[in-house]
Each structure stands twice: as C-alpha cells, then as structure tokens.
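Visitor: I would like a close look at a single part of this model, the surroundings of the ligand. Please take me through them slowly.

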Amino acid sequence: MSATVRAMRHVRGFDVVRPVSIGVMLAIMLPLVLLPLASIFIFGTNKGLGSFWAALTAPEAIFALKLSIVTSFWATVFNVLFGVLGAYVLSRYMFWGRTALIVTISLPTAIPTAVAGFALLLLWGKYGMIGQFLSEEHQIMFTPYAIILANIFVTFPLAFGVLMSVFETMSRSLEEASATIGATRWQTFWHVTLPSLRGAIVTGALLTFARAIGEFGSTILVSGNLAMRTQTAPLYIFAKFNEGQVEAANAVAIVLALFSFVIFSILFFARDWLDTD
Amino acid sequence: MQSEEFTTIFGSEENGAQASERETTAAASVRGLSKSFKGTRVLEDIDFDVAEGESLVLLGSSGSGKTTILRIIAGLEEPDTGRVILHGKDVSELPARERNVGVIFQSYALFPRMTVEANIGYGLRIRGRPRKEMRREVERLIELVGLEEHHKKYPSQLSGGQQQRVAIARTLAYKPQVLLFDEPFGALDAQIRVRLRREIHALLKKVNVPAIFITHDQEEALEMGDRIAVINAGRIEQIGTPHEVYNKPETEFVATFLGAANLLLGVVSGQNISVNAILVPAAEETAHFQDGQAVKVVFRPEDVCLSRTGALPEGARRLMNGIVEEISFVGAYERLTIRLDLTGRQPAVNEPPLYNVNAGATDTKTGVPIIVTRPKAEVSALPFNPDDHVAVGLTSFRVLPNFTLASERAGKIVAARK
Ligand SMILES: Nc1ncnc2c1ncn2[C@@H]1O[C@H](COP(=O)(O)OP(=O)(O)O)[C@@H](O)[C@H]1O
Ligand SMILES: [Mg+2]
C-alpha cells in the first residue's frame, strides 16, 4: 500500500494522489470547520446590520463581553508574570521534586474543564475545604474572582509550556557570558534573558487570552451564571440560546469569533517575529 | 612527575625561592584543581601559571576536560579541590561576576538582541559608567578590532570571524585580568581560521592581556601558544614552549598527540639502547636511566634518514636496516613506510652488510613498520622504490621510560591525529 503510494509519487507527469487527497481534505474540512463559522456570520447579518447592532449593544451583552475581557486580561497578566517566574525557577534550578512540580503544573491541560470548575467549587465553595473558613463577604465563588481563578487554572499550563520550552532551549552561555562580564543575576535577567523571551511572552499571553475568553465548562460552575454579575460572553451565548433569543446569542458569538480570528492571525502571521530569539 | 613539571615551567636553573616569587607575580594560576561529574573524574590535580602578557594553550582531545578548566577559572563551575589565583588574589570563593575575567565562548555567546555597539558596551553599561565615556571606549574598541562599518549591526548579520571580534572587544571593554578562549576557531572554516589566528595573536600582543586558549588542534596550539599544556584525560602531561613539547616530549601521549611519532621498545644497556638485537648508541639520552630499564625510543618521521650505501649524514646514528614497503606523496613531502628488520641476522659469507635485511615476505611481515617523511629535494636526489633495501638512521630521538608491561608489543606506530 505505502509502496504503491511512494511509487506513484515518483511517476512523472500526472500525479493522481495530489488532487484526490486535496479534494478529500477540502470535503472534510469545509463542512467541519468553515461552514459552521460562516453560518454565524450569515445568520448574524441576514436581518440587517441594525438588528445585529441592537443585539450587540444590549446592556447584558455589553456586560458579558466586558466581563470576559477583564477576567481574561487578569488571567493573562497572572500567567505571564508567574509563567516567567515559574519557568525561570524550574529551568534554572535543580531541586528535589522539580519534575513532579512540572507535571503538576501541566496537569490541568488534561483535566476536563467541567471537572476543573467542580474541583474549584469543592475547594473554595461555602462548604469547601478552604471556603468554609472565609467569612460571608469574602466568599470568592460566584464572583468575578472565581472566573479569574478558573481561567488561570485552565490556562496556566499553556503559558507555562510555551515559556518553559523557550527557557530550556535557550543557550545557557548567554547568561553565563553576562555573568562573567560582571552582571548581577537581576541585570542578566533584565538585559539578556527577558529580551529573548519576548516572543514566548507574547505567544503565551495570546494563547491564554484566546483560551480564557472562550472558557465555558469551568466558568459555568464557579460563576453561577448570574446575568449582569458573573455572566461571561460564552455563558451569555448559552443562556440566550436557551431562552430562544438566537439573534442575541449570535451577535456575541460573532464578536468572540472575531477575537479568535485576530489572535490566530497574529500567532500565524507574526510567527517569525515571535520565534526569533 | 611533579618536579619534572616544575622544571619545565620555571627552567631547571631556577631555585625554589625564585620560583615562588614568580608565582606571586603570575597573572593567573591554578593550584591542584580536581573535579568529578557524577562520580567520574574529569580533572585531576591541574596546576599551571600564566605570566603577564603570556598566551598559554591547553591542548587536548575532545572530552579531556579543557572546557571544565576554563569554566572553573571563570567561576562558572566549582572545583572539588584546588584554588584559582588571579594576580596574587585567591578568587576561588568569588562568583563569576566578581572575578573580572573575559570569556570568549565557543559559540561567542553574543547577545542577539543587542547591536555590535551595545554588545561591546554591555560591561560598561552594567557598571554604570557615564554615557560619554562608554561611547568613547566602545568607539576605541570597535576601531581596535576593525569593525568600524558594523556599529549598528546585530550579531546575526555578521560573519563568524566578525562575531568573534565583537566577543573579544566585549571582554576587553572592562579590562579583564585574563582572557579565556574556548576553541575560538572551532566554528570557522579552515581558510579564515589561519588568518584569524594571526590577527588574534597580534591583537593579544598589542593589548598585552594574558590569555588561556583551548584547542584540540596541534597546529593551532604550536602557533598560538607561548607555552602549551598538553592535557590527557583530565591530567596535564607536559607544559612547555612549543619547541619543548614538540621536540622533547616527556610522555608517549605528548609525542603522539603533537605530530606523528614512531615508537620502538628497547632496554637501556650501558650507554646504548638495545632494540632487539641492535644496539643504538645514546650516551646523552640514557643519562637519566638505569642499566636494564625498559624504555621507548620515540622519533618523528622527519628525524629519520635513509641511505642506500649505509653511509649516513653527520650526527645521524645508525638504527638498523629495512625494506621500503610503501611510498606516497603528501603535498610537499614524500611519506614512506619502512619495515625495520629487528632480527639483526649476521651477514652470510660474501653478503654486504646493508642487504642483511630479514623483515619477512610482505605477507608474513615479521619486522616493525615505521613512517618516514622526506622533503622533495631529498626525494629527487635519492629516489626509492618499494622493496628497496635501505639503511635507517636517526638524526634525533627521545628516550622515555616504558611503564607499560606490554612486552609482546615490539613496536608501534601512531600516526598524527590530523
Ligand atoms: N556539566 C557537566 N555534567 C556532567 N558531565 C560533564 C559536564 N561538563 C563536562 N562534563 C564531562 O566532563 C568531561 C570533560 O568535558 P570538557 O571539559 O567539556 O572537555 P573538553 O572541553 O576538553 O572537550 C567530558 O567527559 C564531559 O562529558
Ligand atoms: Mg570543550
């Protein structure tokens, strides 16, 4: 089988495999990816831009989008700061339990987001292991802080992974050269290490933001899905759809889709700039 | 061993007091360095000094521990035992950034996001020098290393040789006590390598900063080093001037690592060395040996002279007869393999002594092969063909103690590593 494929590839002239395989890929990917995405744009605009705009500027929709952006932003800030710190420590120092720590940090990637949200509830909820010691007004579950917490839990491994791989492949000799020239640890980090992390930091931040702004499974459990209080954009889409307000859901869906397009484009088209070290 | 090294460093006429005075004025010294990685010894009792303005080359094969020595001097690696002394000050406990040494890494380790200027000025910048002074100094260094046209370029836009010059200028900016070069020419192709070698050699003499070079290339070592330390498996085998290590190797390793060398096993017998049945007169060479001691006779391919008649040039000592086995031309000289007859068979009646050769047929091969090189002029004056019988003499050779008990090994040839 594979031998025939190889033989065909070396035949001069017309190569059957090429058009067939490309055709199959198009036939699969078109209905799988492109058509659903296209349909939200078609549906959103078929009643005219006016109704789309009205749906988008409804106070609840604006609130949901804002909340998503703000909570994702803080999760991104946290991930960049602690991602850099964590990756620096874990790549530059050898200590007992280092590998275990790396595995633990990366673990949430493999956990279903609903399970993650549920676990946070069990820990921080009113009757949870930590939550029970917090007074009524300091409860964090069902507040925007819970959303940030869930976002971090779910997205930290993404930022950490990107940063860690850059730290581990970064030539140690740059930092060593800086040290022999007379720089302190901090000067070396600031002038030498950090500039080399530029691409990784931007990539990690964009990945975090893209993932956090669309987070649903964990958010719906820890936020309580309270309109105008803890309802993020994905939750808004879900709620409005359940209420039968498809236009309202669709308008926000378009905005989220555009967000991800933009982020994806940056990651895709600026990858040379992001890769250089 | 210890005292032998000592005499090679300081010269035998100097007494201990003078030697220790020299020691305090050395630009850099290491004393008794040893280091293990995960239970494997990679350095053992390393001792040497670098004088002010001197270039010392650490020569050894890959994995012999050279880089580790450099890293210990720079403070990037901690030795298990031993001290590092720079200009009389023990810096063993200081971190890398307080040692003020300049390291030119094998990969140059230039900061990729900084321009040539910024790279060179880095040492002054982190020391908080005024902008004006920094500019002037960077300007001076850029001129010194001849990179005037590349101020604003990034390292990735420079050739290997230019990057190396930036790396050197970057270290010179903060006036290091000693420069450490880790295989500086390893990443460059052969043609520029020779040119850069000369340039850097000249530059070092100009700035008069002591330097330690690492290389595995014997030619490079002979050219760059005021002195050479030959390192084998984490130990220094010999330290001396290029002339000393090449012409007076103290160990078999040194003899074979620097250039090609032939080895014959022998035994000291009075003022001679007996190699099987042949006695080679060696009054001077055997002076330090006892009668009956097992030795190795070491000689370079160019120290062998051949003759058809048995008459050898003035000063050459007759070794034995041999058969020309193989001839090849290697550029400017001819390279022959001669199979020596070690049996020393007595001449038969009417047989001229020169043809008294019994090295066996080419398939049985009882004799010992040696490598001989001859310059072109000599080749045309006295051409040889395979199977010719020749008298073999030596213009000079070294006698080394034979510690190995591999007595069944009658002789061996180790060709140059390169
Ligand atoms: N950080 C390290 N960990 C473990 N082994 C090392 C380390 N650095 C060097 N070695 C080992 O020490 C030996 C000497 O290395 P090195 O000093 O780099 O040799 P050279 O520079 O002469 O090639 C090698 O066998 C190498 O594998
Ligand atoms: Mg090395």
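Guide: The model is a predicted one, and every value given here is computed from it. The shell that surrounds ligand 1 is made up of B:F37, B:K38, B:V42, B:S61, B:S62, B:G63, B:S64, B:G65, B:K66, B:T67 and B:T68. Sorted by class, this shell holds two nonpolar, seven polar and two charged residues, and the element that gives the most to it is helix α3 of chain B, residues 66-74, which supplies three residues.

Among the polar approaches to the ligand, a polar side-chain atom of B:T68 lies 2.5 Å from an oxygen atom of ligand 1, while at B:G63 it is a backbone N or O atom that lies 2.6 Å from a ligand oxygen. The backbone also takes part at B:S64, where a polar backbone atom is 3.2 Å from an oxygen atom of ligand 1. Taken on its own, ligand 1 has 550 Å² of accessible area, of which the protein covers 60%.

Turning to the helix pair in chain B, the axes of α4 (residues 116-126) and α6 (residues 160-172) come within 6 Å and cross at roughly 30°. Because angles under 35 degrees count as roughly parallel, α4(B) and α6(B) are therefore roughly parallel to each other, and their crossing is right-handed.

Notes:
Residues are numbered from 1 along each chain as its sequence is written. Chains are lettered from A and ligands numbered from 1 in the order in which they are written. This is a predicted model: local features need pLDDT of at least 70, side-chain atom pairs count only at pLDDT 80 or more; totals for chains, interfaces and linings use all residues. Side-chain values use heavy atoms; hydrogens and water are left out. A residue is near a molecule or strand if one of its heavy atoms lies within 4 Å of it. A polar contact is a pair of N or O atoms within 3.5 Å; within protein, one must be able to donate a hydrogen and the other to accept it, and residues adjacent in sequence count only if both atoms are side-chain atoms. Accessible areas come from the Shrake-Rupley method with a 1.4 Å probe; for residues, only the protein chains shown count as cover. Helices (H or I, at least four residues) and strands (E, at least two) are DSSP runs, numbered from the N terminus. Ala, Val, Leu, Ile, Met, Phe, Trp, Tyr, Cys and Pro count as nonpolar, Asp, Glu, Lys and Arg as charged, and the others, Gly among them, as polar. Axes are lines fitted to C-alpha atoms, for helices over the stretch in contact, and angles run from 0 to 180 degrees between N-to-C directions. Angles under 35 degrees count as roughly parallel, over 145 as roughly antiparallel, 65 to 115 as roughly perpendicular and the rest as oblique. A crossing is left-handed if the near helix is turned anticlockwise from the far one by less than a right angle, and right-handed if clockwise.
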